[in-house]
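Visitor: I have a structure open and would like to go through it slowly with you. Could we start with how its strands are joined?

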Amino acid sequence: MDYAFEDAALEQEIAEAAAIADPTARNSALNAVFTRLIRLPGKFRTPEIYGRKLFAPGLDALIPMVAGRLGLGDRPGVKSNDNPCIVDTRLYGTGGHSRVVADILNHLRPATAAIIHTDLYRELRYRAFMGAHGLRTDMGERATMIVRGETVPELAAAIYSTLAALRPTRIFLLCHPMDVAAVLACWPFRDVVDFVHHADHVPALGVTLPFSGHADPTFTCHLACRAAGLDAVYVGLTAPHVDLPPRSGRGGRPVRLATCGSPHKYAGTLAGHTWGDYAAAVLARPDTEVVHIGPTTPELEGAVRQALETAGVDPARYVFTGYAPNLPRALVESGAEIYLSSFPESGGKANLEALAAHLPMIVPRAPEPPPLLRFGLPLPRCIQIVEPGQMSAAIDAALALGETLRTPQAQAHLAQELGRFGAWVKDLKAEPLTAEADLSLPPPR
């Protein structure tokens with residue numbers, strides 16, 4: 001299978017551990033190998049894996065057998081939105097992962113839903129949920145639970161028991177890539193599980209398992225899943241609705257570009273370029289300015305300031321405005337005319353929210369990015385560039401593209417894309433793709 005991550009030695013160890021007859025010895029052996037398994041994501045940033053591997057079919061194939069050996073019996077059910085439950089590893093104060101969970105709840109009756117955090121890496125405390133510690137917890141859900149287990153097999157059993165007590169009629173599974181406890185616990189409830197494939201750049205457990213639903217929020221990930229023959233549906237992402245802002249002449253005002261993303265998406269070098277190089281290229285034009293929305297760090301601000309000063313650009317033309325709970329509205333209110341995606345790691349959720357603000361987008365990327373890192377949507381709304389010298393021409397092209405985005409046809413396509421996610425959540429199905437799109441994805445190298 002293309003994009004497949006394989007670790008034959010680890011798979012054999014899991015199978016051998018699961019076959020041990022004595023329950024105590026079996027669980028001890030499974031815990032030892034699972035502890036190595038859950039640490040694998042730390043190695044997924046290598047060029048051979050990141051953006052090139054998406055599935056772990058050999059590991060997935062062991063899940064039903066291991067669940068049975070742990071006594072996690074099947075729990076048949078009929079899927080509905082009557083009693084939904086979200087199972088994740090943990091949520092964060094900002095970022096697309098938490099926003100997707102919030103969007104699921106917004107399209108349901110939140111007071112009927114429960115959230116289970118598996119806390120696989122033992123990072124959470126209930127005290128933090130009740131204080132101002134940056135955790136996104138107030139989503140209107142009826143219950144939030146942190147599940148504990150001394151070992152990974154015990155954690156899987158505890159999650160399973162919690163689900164059995166809740167008796168959910170629908171489970172949205174959004175766990176971290178190698179959260180084997182979550183996947184094991186949810187497998188017996190597969191009749192009502194929607195696997196939300198949000199880990200779109202790295203291998204993840206559960207992708208190839210036949211849960212009742214496999215939802216791809218990102219388009220490039222969906223192309224890979226579809227090419228592999230998986231029964232996946234493209235559900236897209238959603239964003240808050242904002243009205244199309246009225247036309248207004250610039251009247252000598254600078255062209256304002258906006259960007260947004262977590263600080264780590266602006267860190268590092270790709271294809272010999274940094275975010276500072278692209279920021280300097282924008283502001284090399286005397287008629288531009290940049291608004292940076294979202295959380296920041298002293299390191300990010302310092303790196304931008306240094307890059308601009310080195311390029312002879314006034315850093316005051318690049319303004320950090322902080323976190324905004326509603327990015328589309330913040331973009332409209334900022335007066336931005338163009339959205340500049342983060343670099344070296346492009347945005348996902350933020351990119352779509354920029355489109356929801358009716359903005360054309362410039363996406364800096366590597367000349368030959370790994371196939372899973374190609375940004376794509378079934379909407380022709382972005383201009384991709386591969387080096388800072390292309391920025392000035394891209395700004396002119398984006399301004400021209402912005403005019404076409406105001407047409408009734410463009411607005412209809414946008415409404416269709418933004419409505420796809422909600423339709424899937426509420427109606428248990430996804431709308432078919434109808435907009436023109438590049439449906440090809442190059443094979444991994």
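Guide: Before we count anything, one term is needed: two strands are said to pair if DSSP finds at least two bridges between them. Please also keep in mind that this is a predicted model.

Visitor: What sheet do the strands form, and in which order?

Guide: It is an open sheet of 6 strands with parallel pairing, and the order is 10-9-8-11-12-13. Strand 10 (318-322) and strand 13 (382-385) stand at the edges with a single partner strand each, so one side of each has no neighbour in the sheet. On average, neighbouring strands of this sheet are turned by 25° against each other, direction ignored.

Visitor: Which residues of strand 13 are on its covered face, and which on the uncovered one?

Guide: I383 and I385 make up the covered face of strand 13, whereas C382 and Q384 make up the uncovered one.

Visitor: Switching to helices: which residues of helix 13 are buried?

Guide: In helix 13, the buried residues are M391, A394, I395, A398, L401 and G402. Because they cover an arc of only 125° around the axis, they lie on the same side of helix 13.

Visitor: What do those buried residues pack against?

Guide: The buried residues of helix 13 pack against strand 8, helix 9, strand 9, strand 11, strand 12 and strand 13. As for helix 9 itself, residues 275-283, it lies across strands of the sheet including strand 9, to which it runs at about 140°.

Visitor: New topic, the nonpolar core. Which residues touch the most other members of the largest one?

Guide: The largest nonpolar core has 70 residues, and I14, F34, L37 and L184 touch the most other members. Helix 6, residues 152-166, gives the most to this core, with 9 residues.

Visitor: What does L37 touch?

Guide: Leaving aside residues up to four places away in sequence, L37 touches L10, I14, L59, M178, V180 and L205. There is also a second, separate core of 48 residues, which includes A215, A350, L377 and F421.

Methods:
Residues numbered from 1 in each chain as written. Predicted model: local features only at pLDDT ≥ 70, side-chain atom pairs only at ≥ 80, totals over all residues. Heavy atoms only, no water. Helix = DSSP H or I, 4+ residues; strand = E, 2+ residues; numbered from the N terminus. Axes fitted to C-alpha atoms, helices over the stretch in contact; angles between N-to-C directions. Contact = heavy atoms within 4.5 Å. Buried < 20%, exposed > 50% of the residue type's maximum accessible area, 1.4 Å probe, protein only. Arc of directions from axis to C-beta. Core = buried A, V, L, I, M, F, W, Y, C linked by side-chain atoms within 4.5 Å.
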